[in-house]
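Open the model in your viewer and keep the sequence panel beside it. The stops below are given in the order in which to select them.

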Amino acid sequence: MSIKPLVILPDPLLRQVSQPVARFDADLRKFSQDMLDTMYDAPGIGLAAIQVAEPLRMLVIDLAKEDEPKAPQVFINPEVVSSSTERNIYEEGCLSIPDYYAEVERPAKVRVAYFDIEGKKHEIDADGLLATCLQHEIDHLNGVLFIDYISRLKREMVVKKFKKLAKDRVPSRLAV
Ligand code: ZN
């Protein structure tokens, strides 16, 4: 089990556009397990690779409730193929913006194409929480954060707060 340090706002890494995964090998399998371990430890329901400082287009999700068995899902090179005009509002949070939540409106349904850990291509139709979670995580791969959907004033307040917090914190990525 390997838990990786999380990248926290305002780290500029969070604004980086991630690169497609090119090799489906043992290293990728190990990394996906590290991502899941990190997500479970946090705990969270979704995590993009850039949140553990790897600019790769991959994400993990587990929407199982506490009393249900784990249901890890790994999405590699995911892409939203189509989205509904119908929209949904969820209160979102992010492991990279701890303890901050805001309502975000997104398409209620999305069709997502992705590769599994074996390199096999799939397409799924997602709705509800899965649709929102996939869109939130795919945004990370493009350097987009959920606070980009809230008002500018609120966003500036959040960023300011995290800049202040970062000053008092030892950068985890420099830890050895
Ligand atoms: Zn997030």
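Predicted model: local features only at pLDDT ≥ 70, side-chain atom pairs only at ≥ 80, totals over all residues.

Residues are numbered from 1 along each chain as its sequence is written, and side-chain values use heavy atoms, with hydrogens and water left out.

**Stop 1: the zinc ion**

Select the zinc ion together with C94, H136 and H140. Which atoms of these residues are the protein donors? They are SG of C94 and NE2 of both H136 and H140, at 2.1 to 2.3 Å from the zinc ion. Donors here are N, O and S atoms within 2.8 Å of the metal (3.2 Å for Na, K and Ca); water is not among the atoms, so sites may look incomplete. Along the chain, the donors have the spacing C-x41-H-x3-H. C94 and H140 bring together distant parts of the chain: C94 belongs to strand β4 (residues 87-94) and H140 to helix α2 (residues 128-141), 46 residues apart. Helices (H or I, at least four residues) and strands (E, at least two) are DSSP runs, numbered from the N terminus.

Now colour by accessibility. Buried means under 20% relative accessible area, exposed over 50%, and partly exposed in between (1.4 Å probe, protein chains only). C94 is buried because its relative accessibility is 10%. H140 has a value of 1%, so H140 is buried as well.

**Stop 2: L134**

Stay in helix α2 and pick L134. Its relative accessibility is 0%, so L134 counts as buried. What does L134 touch, leaving aside its neighbours within four places in sequence? Its contacts (heavy atoms within 4.5 Å) are L59, I61, F75, V112, I124 and A126.

**Stop 3: strand β2**

Next, select residues 58-61, strand β2. In a regular strand the side chains alternate between the two faces of the sheet.

Two strands pair if DSSP finds at least two bridges between them. Strand β1 (residues 46-48) runs antiparallel to β2 and is joined to it by three bridges. Strand β3 (residues 73-83) is also antiparallel to β2, with four bridges.

**Stop 4: backbone details**

Two cis peptide bonds can be shown here. One joins L9 and P10, with omega about 5 degrees; P10 is in the segment before α1 (26-41). Another runs from A42 to P43, with omega near -10 degrees, and P43 sits in the loop between α1 and β1.

N77, in strand β3, has phi near 50 degrees. Because its relative accessibility is 14%, N77 counts as buried. D99, in strand β5 (residues 97-107), has phi near 65 degrees. At 66% relative accessibility, D99 counts as exposed.
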